[in-house]
Amino acid sequence: MGRFGASFLMYSGVLAATPPTVATWTRVYDVYLTLGVGTAVVVISALLYAVVRYRSRGQKEPVQGAKQHGWKAVLAIVLVMGVILAIAGSQTFAGFTNIEIPNSPGTVTVSVTGFRWGWNFTYPDGQYVIGDLTVPVNTIVILNITSSDVYHTFGIAMLDVKEDAIPGKVNQLWFNMTEMGNYTDAIRCYQLCGVGHAFMIANLTVVSQSQWNATFGAQKG
Amino acid sequence: MKTSTIAGVWAYMVVAVLTETATFYYVTNVTAQTVVISLLALSQATAVAIFYMQLKDEPGSIRIFALVGVMFLSALLIAMVASLG
Amino acid sequence: MFTALYFGVVGAVLALLMRVQLSVPNNDFLEAAYYNQAVTMHGLIMIFWFLSPLGVALFNYLVPLQIGAKDLAFPRLNALTYWLFLAGGLMAVLSFFVPGGAAAAGWTSYEPLAGPVYSPGPGPTMTYLGLMLMAASVTVGSVNFIATILWLRRPGMRLSDMPMFSWFALFTVVAMLFAFPSIIAAFLLVLTDRLIGTVLYAPPSILNVPGIDPSLLWDDLFWFFGHPEVYIVLLPAFGVIADITPAFTGRPLDGRNWILISVAAIVLPISFGVWMHHMFLTGIPNVLLEVFDVSTEIVSIPFGIIVIMFILSMVHGRIQFKTPLLFIVGALVLFIIGGIMGVFLSSPVLDRVYNGSYFVVSHFHYVMVGATIFGLFAGIYYWLPKMTGRMYNESLGKVHFIISFIGFNVLYAPMMLLSDMPRRIFTYQNIGDWAQLNGIATVGAFIFAGAQIIVAYNLLHTWFRGPPSGPNPWGSQSPEWSTPATGSVPVAPVETEPAGGWIGQLPGPQSASVSGPSPVSHAMSAVSHEVHLSSRPLTLSAGVMLFLTGAALYPGGAIQLSVLTIPPGVFPLALMVLGVGVFAASIVGWAWDDIRNKFVGPAGDPGGDRWPYDEVPKMKLGMWVFLSSEIVLFGTLLGAYIFIREAALEWPSPASVHDIPLATANTLILLTSGFTMAMAVYAIRKGDQRGLLGWLVATFVLGSTFIGVKISEWLGLFSGAAPFLPSSSNPVTALAASIYYVVVGLHGAHVVAGLVVLVYLMKKTARGGFTKDDHMSIENFALYWAFVEIVWCFVFPLFYLL
Ligand code: HEM
Ligand SMILES: [Cu+2]
Ligand SMILES: [Cu+2]
């Protein structure tokens, strides 16, 4: 099922292989969308049907003896909703792989610090760059995100990942980018942080593993 | 309520406070200290609520207001501390 | 009610300004700073000064009518509720014109952005002080409503007989009672940071204590309030739907009791157990993500039951397509859509996309504007004939509905698709489909706003020119229609038949003798008519407002008046002094009225059905309700303290700061005053007036001693070898001192307030004002005093020993 939203429109043609976080997100989303739209259609149609079907044809008097539903109807609602929600919830739980930080060899870690108003990326070799996150392709990248002043939220819409950048706390997220390229303005702040909030943007650059290792990879000794 | 109850509660409060302070000075194990002092504080609060505020004589319909407040607070406290991770 | 509508217009104008700004990319109609103020104040005003009060205004008008009470339980408190609310609103709106501008950190006021470092100036302080006044007003109001509904029902009306709207009113105010104290606590800490210089939410650049995390503390405190608040906003609208649907379907509600059980489940346990779904990205442990995912899913089940029951209530009816019914259907459709979006948001995985995006904006407008406003519109149309005695124009009503519904969806549906656009950005580049979607939304906003001109015209026209509606135009059996319609068209009172009760709302045999409260003033505003009897609530609120405005502005800059220059600080100080003066005068006046029994409430004790509260006097019930909110207030503050303690990796040892033996002695003094107060109650229960006076004096002396010792202790802390101050250069000390002074200070303030009341009680006792059978004030004060004692039972060990 299709994805709504600009990020999809923006990059769908660009990426040949779907990044894992996007695949997981979309899988969960598809289930929610099916169930959600299905429920909405059924319930809203039922409402509209009832309203139209039982419209007054001139009667003014109260109807006598209309049916009252009791605990059986309630139980049915609880069960049906319970099943729907359980299916949805289990998908979410399965999708927690998007949130849990993978513990596998060969990952690279970059530190991200939000500040008013920009993003500072510090690489393993100690150098830092403002406004541009460069990562190796087909590698699990872990970001350690924090803030040096107020509450920000670091989000890469095209990868379906987002995490708060909070002063005094380090939060982590991970992704794995499948295509090299320059993705302008792919990174944004999603938490009101002052007058510069709208411009708290950064680019995502994806390069080959060897090129990345050569530029940023040297562990600071 | 009888005067003896009122005085009895007061006596208990005095003893409890003195015990708290004594625990502070003489019990060095931090966990033990925290547990003892917290329990004493809870018992004091309960005593005041039950006797001076006469919850024991009030109908359940009154007690429920106090209970609901305390219930929500416990939820808040537990989750808040848990959110520190 | 008009006041709420007025604030509604202010909020709407702000919203339109924002939509204009966002209509095309890279617009520069509003600057970022103004945009942020607009977005913040729009949220605050719409939620706190428009939606909630509109519901409460309806409660104020209808609940007494529906339950057959002459008025609310405490008429003067009702007036106080209104004036505090208005004063708070004025402060918030005026803050636009004050240096620093209105608050601009979002209605969620995330810290540390909302703190003094990143939002400097008196403007935001004023907004937040206004918010505090509003919160105080809500607390007073909910105590009043709860006491009214539990205690003033007309004879023969059991709780279970109450009309649905009154039931929903009860649930709403109960939720308010427990939710608002935590926002008071949260903003108290913001305000002490801003006014006194504590560092409770200070960012690491100011206060670097390892482990401390001000944002998370704020999130917890705010959302513990914030989530229940969204239901507080919604429930009045659902109450309207539940109450008036039968008038248009010609059949009773289906599953009335199940609806009530579901609401009870939502209000009491569940709504206070889902707040962390607003914090899915804050890095809380994964188990909490899972727990709050599930709890949020669970909260949708009772909503499902309610909605399905509403739908079933249409089946087998004879539905009349009048304007209110259209709005009911509209509200339900929009709620279903918005609620299902909420389930998407309950997934911490999906929330990785939605959080902070326009999808959330779309969600909550579907539920808050869609479900809530449409539901309230249904109620306004429906009860308009009751309030004015005149009928609105049906075709205009229908046109209003159709245009609103279309405009609403054109406005908010595009936002569903903007799940990658951050909310609260004042401008954007031309990316993807953002420009088109935002353009459409702005068009929708103007359609929606245009529709509201129709309703404004329709309401005014009805009010002055509408055709007489007759006393019961809908043929409803609900009790409020059994009294004459109010307003300008005289109508003959009708005798109602004790009808067959097919709505399940038995008017009861006595209903014909029930008279409604003085109607005109009720219809004109949320003010009870009792306001005419006492101006104290008004002056009291005005005093508080003056004082707080002065405090916010202090010290401010110099003021240049043609010839003379007023140096900085003088004007705010004058305001503060004036405020204190007015406040003190009102309080003294209020007490003096009481001592001389000048204020005579509406005819004594009307008697009535008050199960399960027949044993409990009205004042005592009110006191307990109030104390339960105080439990949450102090509990939240102590919770904040425990949170900080748990987070901080180091903390000054108590013995190094405090004089423990002195504190122990002082604790004993306070506890002993609890004993003397209990003895005072004991004395007067036996009718011993002299004994009462003696014990009261003893309590007063002990209480004053406690405060005296406290003051000397604090002076020592200020000036000691290593002063224990929030401004201390050692960050840990600064933090410890901050939380210590706020919590202990608030407790001290409660003691001082208690001492003031004691003066009044002693005075009244000396005049023989209390007897064996008439000493409710003493009993209530004893409750209060015991509560203050309980708080200290926790404060002492937590701050001095552990
Ligand atoms: C089925 C019921 C509902 C569910 C499952 C639900 C769920 C959620 C969730 C998970 C969020 C957090 C989204 C985020 O910030 O990422 C949210 C936000 C919000 N919800 Fe709901 N919701 C429901 C009903 C309502 C109702 C009835 C209202 C109000 C009348 C409401 C008002 C709001 C508001 C105001 C926010 C946004 C707060 C902010 O960040 O400014 N919700 N909802
Ligand atoms: Cu930002
Ligand atoms: Cu919520």
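C:Val343 is buried, with a relative accessible area of 17%; buried here means under 20% relative accessible area, exposed means over 50%, and partly exposed lies in between, with a 1.4 Å probe and protein chains only. This residue belongs to helix α9 of chain C, residues 323–345. Helices (H or I, at least four residues) and strands (E, at least two) are DSSP runs, numbered from the N terminus. Leaving aside residues up to four places away in sequence, C:Val343 touches A:Tyr32, A:Leu85 and C:Ser300, where contact means heavy atoms within 4.5 Å. The C-alpha atoms of C:Val343 and C:Ser300 are separated by 7.6 Å, and the two residues are 43 apart along the chain.

A word on conventions. This is a predicted model, in which local features need pLDDT of at least 70 and side-chain atom pairs count only at pLDDT 80 or more, while totals for chains, interfaces and linings use all residues. Residues are numbered from 1 along each chain as its sequence is written, chains are lettered from A and ligands numbered from 1 in the order in which they are written, and side-chain values use heavy atoms, with hydrogens and water left out.

I turn now to the metals. Which residues coordinate the copper ion, ligand 3? They are C:His227 through ND1, C:His277 through NE2 and C:His278 through NE2, at 1.7 to 2.1 Å. Donors are N, O and S atoms within 2.8 Å of the metal (3.2 Å for Na, K and Ca); water is not among the atoms, so sites may look incomplete. Along the chain, the copper donors follow the spacing H-x49-H-H. C:His227 lies in helix α6 of chain C (residues 214–249), whereas C:His277 lies in the loop between α7 (256–267) and α8 (286–312) of chain C, so the pair ties together parts that are 50 residues apart in sequence. C:His227 is buried at a relative accessible area of 5%, and C:His277 also counts as buried, at 12%.

How far apart are the copper ion and the iron atom of ligand 1? The distance is 4.6 Å. The iron atom has a single donor from the protein, namely NE2 of C:His363, 2.1 Å away. C:His363 lies in helix α11 of chain C.

Next, the surroundings of ligand 1. There are 24 residues around this ligand, of which C:Trp107, C:Asp351, C:His363, C:Phe364 and C:Arg423 come nearest; a residue is near a molecule or strand if one of its heavy atoms lies within 4 Å of it. Oxygen atoms of ligand 1 have polar side-chain atoms beside them: one of C:Asp351 at 2.6 Å, one of C:Asn355 at 3.2 Å, and an N or O atom of C:Arg423 at 2.9 Å. A polar contact is a pair of N or O atoms within 3.5 Å; within protein, one must be able to donate a hydrogen and the other to accept it, and residues adjacent in sequence count only if both atoms are side-chain atoms. The elements that give two or more residues to the shell around ligand 1 are α6, α8, α9 and α11 (358–388) of chain C.

I move to chain A. Its domain assignment, of automatic or database origin, gives domain 1 (2–55 + 70–98) and domain 2 (108–216). The C-alpha centres of these two domains lie 30 Å apart.

Strand β5 of chain A, residues 140–147, is mostly covered, with seven of its eight residues buried. Two strands pair if DSSP finds at least two bridges between them. β5(A) runs parallel to β1 (residues 108–115) of chain A, joined by seven bridges, and A:Val112 stands opposite A:Ile145. With β8 (residues 171–176) of chain A, β5(A) pairs in the antiparallel sense over six bridges; A:Ile140 has A:Asn176 as its bridge partner there.

Strands β6 and β7 of chain A form a hairpin with four residues between them, and in this hairpin A:Asp160 takes a positive phi near 60°. Five bridges join the two antiparallel strands, with A:Phe154 opposite A:Glu163. In β7(A), residues 161–165, five of five residues are buried.

Finally, is A:Thr153 buried or exposed? A:Thr153 is buried, at a relative accessible area of 0%, and lies in β6(A), residues 152–156. Its side chain makes a polar contact of 2.8 Å with that of A:Asp164. Among the residues that A:Thr153 touches are A:Trp119, A:Arg188, A:Tyr190 and, from chain C, C:Leu281.
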